[in-house]
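Here's a quick briefing to read alongside the model. Have the sequence and the 3D view open as you go.

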Amino acid sequence: MIRDPQGFEIFLGRLRDFVRTRLVPREADVARLDEVPADVVAEMAAQGLFGFSIPEAYGGAGMTTEELVLAAMELSQCSVAFRARVGTNTGIGSEALVIEGSEEQKRRYLPDMVSGQLTGCFALTEPEAGSDAATLKTTAVRDGDTYILNGTKCFITNAPIAGLFTVMARTDPANPGAGGVSAFLVERGTPGLTTGKPYQKMGQAGSPVSEVHFDNCRVPLKSLIGDTEGRGFKIAMKVLNKQRIHLSALCIGPAIRMLDDAVQYTATRKQFGQPVAAFQLVQALIADCQTEIHAARALVLETARKRDEGVDVTMEASICKYFASEMCGRVADRCVQMLGGYGFIADNSIERFYRDVRLFRLYEGTSQIHQLNIAKRTLSKAGFDIKS
């Protein structure tokens, strides 16, 4: 669903130009500094990149799912850190607030998230609750007109720089499953909330990730997202259902960029008196990359359109995330191969992307969890309730 096709094409063209002329030239700075420089953050905010999916009523673009994934495919054709810097605000860091937040909560936080003055993050994963998120142990105990939070979250993107945390915590200790979980908004500066030192990671330099700790962290009742307790896990799944489609699109952009860079290299690098791209085995690598990129793009767009039509795309979102993230990894591997020894040297974009995109197959559901989800839903649709 594209609301204004002509206007949106103009927007995409401007975004494409911004990525190529302003962001790509700063990739080396991000890798060297391990952060996105403040002047670049200001430029991205001026371009409206922090508010893609936040409703227009709060200053955002209010993009449909189809518009969001098309924009994501353009934005992600540069260092992953740029997309990650804005991604929590236009993705998992704001989505719970957008879909289930009160009007007071939305007006308090969303305009600042759109402007980039406030960075959000999504605190779900714990040291012993990752793929099985319903078993989380962080607690939120009601005490008068407040809740007291205790626990630890891990692998939280943008936690070191976030000003607002969407936190999943157990409000009903008698319910060890999903029904005992609630969602909260917690501001940085709240006593008892601290963030750990950013992890040293395999890739994605410039995208800070850390633990989040709650030590008798007291928040007001109005911090609860949704009308009642016990809706946290459902809210989290709603958030992830959309954001898995979004992340799938964010896997396609890097694949496009890697293939473009590999084609440029192989078409000009000569061996045995001819361009490397003239060899049929290299052409096979190019063809496989291009085919998988097109397949992923078509799958993601179809799913986005179905979601905009109101169709339940829970399984399709899982399929998108599984296929697109695995596709991106395969493209990265082929592109390193096309560059030969140069592909192993840390002064080209493909070497960096090779490390950066490895995470795509882990977060927002590992490939193996998505395989299980897809299989179970397929069996259930056929009338078989298979217990693993």
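Leu 379 is partly exposed at a relative accessible area of 35%, where buried means under 20%, exposed means over 50% and partly exposed is in between (1.4 Å probe, protein chains only). This is a predicted model, so local features need pLDDT of at least 70 and side-chain atom pairs count only at pLDDT 80 or more, while totals for chains, interfaces and linings use all residues. Residues are numbered from 1 along each chain as its sequence is written, and side-chain values use heavy atoms, with hydrogens and water left out.

**Surface patch**

- Leu 379 sits in helix 12 (residues 367-381); helices (H or I, at least four residues) and strands (E, at least two) are DSSP runs, numbered from the N terminus.
- Together with Phe 384 and Ile 386, Leu 379 makes a nonpolar surface patch with about 280 Å² of accessible area.
- Patches take residues with over 30% relative accessible area and no salt bridge, joining like charges within 9 Å and nonpolar side chains (Val, Leu, Ile, Met, Phe, Trp, Tyr) within 5 Å.
- The areas come from the Shrake-Rupley method with a 1.4 Å probe, and for residues only the protein chains shown count as cover.

**Cavity**

- There is one cavity of 30 Å³ or more, and the largest cavity has a volume of about 40 Å³.
- A cavity is a set of points, on a 1 Å grid over the protein atoms alone, where a 1.4 Å probe fits but cannot get out; lining residues have an atom within 4 Å of a point.
- Grid points are joined across faces, edges and corners, and the volume is the space filled by probe spheres set on the points.
- The lining of the largest cavity is Phe 52, Ala 71, Ala 72, Leu 75, Arg 83, Val 86, Gly 87, Thr 90 and His 246.
- Helix 4 (65-75) and helix 5 (80-87) are the elements that each give two or more residues to that lining.
- By class, the lining has five nonpolar, three polar and one charged residues, with Ala, Val, Leu, Ile, Met, Phe, Trp, Tyr, Cys and Pro as nonpolar, Asp, Glu, Lys and Arg as charged, and the others, Gly among them, as polar.

**An enclosed helix**

- Helix 6 (residues 92-100) is largely enclosed by the rest of the structure, because eight of its nine residues are buried.
- Among those buried residues are Glu 95 and Glu 100, along with Ile 92 and Leu 97.

**Positive phi**

- Most residues other than glycine have a negative phi.
- Phe 155 has a positive phi, near 60°; Phe 155 lies in strand 3 (residues 146-157) and is exposed at 57%.
- Phe 272 also has a positive phi, near 55°; Phe 272 lies in the loop between strand 9 (270-271) and strand 10 (274-275) and is exposed at 77%.

**Salt bridges**

- The count comes to 26 salt bridges, each a side-chain nitrogen of Lys or Arg within 4 Å of a carboxyl oxygen of Asp or Glu.
- Arg 26 is buried at 18% and bridges to Asp 29 at 2.7 Å, N to O.
- Arg 26 also pairs with Asp 39, with the closest N and O atoms 2.8 Å apart; that pair spans 13 residues, from the loop between helix 1 (5-23) and helix 2 (27-33) to helix 3 (residues 38-46).
- Glu 126 and Lys 153 form a salt bridge with their closest N and O atoms 2.8 Å apart, and the two are 27 residues apart in the chain.
- Glu 126 is buried at 6%, and Lys 153 is buried at 0%.
- Glu 27, Arg 257, Asp 261, Arg 352 and Asp 356 are linked in a salt-bridge network.

Notes. 1 Å grid on protein atoms, 1.4 Å probe; cavity = no way out; pocket = protein on both sides within 12 Å on 5 of 7 lines; lining within 4 Å.
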